[in-house]
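Here is a friendly walk through one protein chain, in questions and answers. Have a look at the model first, and then let's go through it together.

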Amino acid sequence: MARAATRRRLKPADRCEELLQVGEQIVRRQGPAARIEDVVTAAQVARGTFYVYFPTWEDFLAALRDRALDELALQFEAALAAEPHWIGLIGRLPGLIVELTADLEGLHPVAFHGPQVAAPRRAGFDLTLRLAELLAAGQARGALDAADPTATAPLIYALLRDTADRVQAGADSGAAVDACRELLLRALAVRADPIRPEDLLRPGA
C-alpha cells in the first residue's frame, strides 16, 4: 500500500521564507481578497504554523511590504545609476515610481494602503530619506534648488505616490507622469549638470 506523502521538514528560517514566497505570489494575484487560508493551503502548512511566524495577518503583510521595499530599492538605485545628468535623474522619478508600483500588482493596495502601513518598518529602504539624500547631493553640486532637502523630500514623495496611485486608479499614465515631471523640474529648477558617481553614494557608505 502506497504511503501518504509527508510534508518535508524545514528549518524555521526556511519555513518563514517559504510562507513569504508563497504568500507574495497569492497577494500579487488576489490583492485584498487574499486570506491566511489561501497561504496555508498553498504552502501546505497548518494555520498554527503560520501564527508561529506571523502573529497576525497584518504582521505578514508588513513583512511582505518590507520584502517589496528591498526589491524596489535595488531597481530604484539601478535606474538612478543609468542617468548621466541631474535633469534626467529628477525627470525620471515619476515614471520610475509609476513603473515600480505597477510591478507590485496586487501587493500594492494590500501592503501599502492597508492597516499595516502604520506598522514599524525594519531597517531598510526609505524612499523619503533617499529623496532627501539625492536633493542634498544635487543642492551641494549646484544642480538644483532645494534649500531644505529634509523638508522638501516628503512633499516630493507624496507627489510621486499620488501620481502612481492615480495611474493605478485608471488615469492616463503618460499625462500623469509628464505633469509630475514638469512640476518637479520647475519647482527644483533642475539643471543639466552631469552626475558624478559620488553624488549617488549613500551617506556613511
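Q: In what order do the elements of the protein chain run from the N terminus on, and how many helices and strands are there?
A: Bear in mind that this model is predicted. From the N terminus on, the elements read α-α-α-α-α-α-α-α-α. The secondary structure therefore comes to zero strands and nine helices, on the DSSP runs used here.

Q: What percentage of the contacts between residues at least 6 apart in sequence join residues at least 24 apart?
A: The protein chain has 205 residues, and buried residues make up 41% of them. Among contacts between residues at least 6 apart in sequence, the share that joins residues at least 24 apart is 72%.

Q: Are the rings of W57 and F60 stacked or edge-to-face?
A: W57 and F60 are three residues apart in helix α4, so about one helical turn separates them. Both W57 and F60 are buried. Their ring centres lie 5.3 Å apart, with 25° between the planes. Planes under 30 degrees apart count as stacked, so this aromatic pair is stacked.

Q: Which residues form one aromatic cluster with W57 and F60?
A: The count of aromatic pairs comes to six, and the pair W57 and F60 is one that is stacked. The cluster holding W57 and F60 also takes in F50, Y51 and F54.

Q: Where in α5 does a kink lie?
A: Helix α5 covers residues 86-103, which is 18 residues. From its first C-alpha to its last it reaches 25 Å, close to the 26 Å expected at 1.5 Å a residue. Even so, α5 has a kink of about 40°, shortly before the proline P94, and the kink lies at L93.

Q: Is T163 buried or exposed?
A: T163 sits in helix α8, residues 149-168. Its side chain reaches the backbone oxygen of L159 at 2.9 Å. Not counting residues up to four places away in sequence, T163 touches V98, A176, V177 and C180. Its relative accessible area is 1%, and under 20% means buried, so T163 is buried.

Q: Does E24 count as buried or exposed?
A: E24 is found in helix α1, residues 12-30. Leaving aside its neighbours within four places in sequence, E24 is in contact with L64, R67 and L107. Its relative accessibility is 16%, so with the cut-off at 20%, E24 counts as buried.

Q: Which residue just after α5 takes a positive phi?
A: Helix α5 runs over residues 86-103. Just after it, a positive phi of about 55° is found, and the residue that takes it is E105.

Methods
Residues numbered from 1 in each chain as written. Predicted model: local features only at pLDDT ≥ 70, side-chain atom pairs only at ≥ 80, totals over all residues. Heavy atoms only, no water. Helix = DSSP H or I, 4+ residues; strand = E, 2+ residues; numbered from the N terminus. Expected span 1.5 Å × (residues − 1). Bend = angle between axes of the 7 residues up to and from the residue. Buried < 20%, exposed > 50% of the residue type's maximum accessible area, 1.4 Å probe, protein only. Polar contact = N/O pair within 3.5 Å; in protein donor to acceptor, adjacent residues only side chain to side chain. Contact = heavy atoms within 4.5 Å. Phe/Tyr/Trp six-rings, centres within 6.5 Å; stacked < 30°, edge-to-face > 60°.
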